[in-house]
Amino acid sequence: MQPYPTREEALAMFDAARRQHQDFLASIPRERMTEPGATGLWSFKDVIAHVLAYRSSFTASLEALASGQAKPAPPWPADLQDDDSINAWIYEHHRDDRLDDLLSGWYASFDRMRAAFVALPDDVLYDPNYFSWTEGKPLIEALPDTYMGHFNEEHEPAIRAWLAGENAA
């Protein structure tokens, strides 16, 4: 018995999480997506822009790894090192983006990340020491946290409470 999920099992988990997330997004009234307060002062649209920026940067790194290229620089300025300054830059850079553009990018990011995952060789997916940030877990086990963990853990509960009228900005 293999101690880690197979590629097919990991992809099935990815696809199931994606469907569950799409169902959640479909439950959010469109007119509320630009309303402040979904997470702190941010609107749901701002949250999507925030998570999408990090996801795009991570996916670009996986794509580079799969193609033997150097890891690309993140989209934010190199002098920004802490989460607060990076998050502020992302907010300022994307706050005027159109909702439809962000949602299109959000949905496309799932396809892009899935394709990057498929392109990775087994030694990258199954070596628990390949990436130090996975803290001894192989990427195949850490991947669920990379594609939905941040949203699910930090933003979704606040968004659900906001939708239910339970939290204030």
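Mentor: Helices here are DSSP runs of H or I with at least four residues, strands are E runs of at least two, and both are numbered from the N terminus. One caution: this is a predicted model, where local features need pLDDT of at least 70 and side-chain atom pairs count only at pLDDT 80 or more, while totals for chains, interfaces and linings use all residues. Residues are numbered from 1 along each chain as its sequence is written, and side-chain values use heavy atoms, with hydrogens and water left out.

Trainee: OK, how far apart are the closest N and O atoms of Glu 156 and Arg 160?

Mentor: They are 2.7 Å apart, and the pair forms a salt bridge. That term means a side-chain nitrogen of Lys or Arg within 4 Å of a carboxyl oxygen of Asp or Glu.

Trainee: And is Glu 156 buried or exposed?

Mentor: Glu 156 is buried at 14% relative accessibility, whereas Arg 160 is partly exposed at 44%. Buried means under 20% relative accessible area, exposed over 50%, and partly exposed in between, using a 1.4 Å probe and protein chains only.

Trainee: How many salt bridges are there in the whole structure?

Mentor: The search finds 10. One of them joins Arg 7 to Asp 122, with the closest N and O atoms 2.8 Å apart. That pair links distant parts of the chain, from helix α1 (residues 7-26) to helix α5 (residues 122-126), 115 residues apart. Arg 7 is buried at 18%, and Asp 122 is partly exposed at 46%.

Trainee: What does Arg 18 pair with?

Mentor: Arg 18 meets Asp 111 in a salt bridge, 2.7 Å from N to O. Arg 18 is in helix α1 and Asp 111 in helix α4 (residues 99-119), so the pair ties together parts 93 residues apart in sequence. Arg 18 is buried at 14%, while Asp 111 is partly exposed at 44%.

Trainee: Which residues are linked in a network?

Mentor: Arg 30, Arg 98, Asp 100 and Asp 101 are, through salt bridges.

Trainee: Switching topic: how many of the residues of α2 are buried?

Mentor: 18 of the 23, so α2 is largely enclosed by the rest of the structure. Helix α2 covers residues 44-66.

Trainee: And what is α2 followed by?

Mentor: Gly 68, which has a positive phi, near 75°.

How values were computed: Expected span 1.5 Å × (residues − 1).
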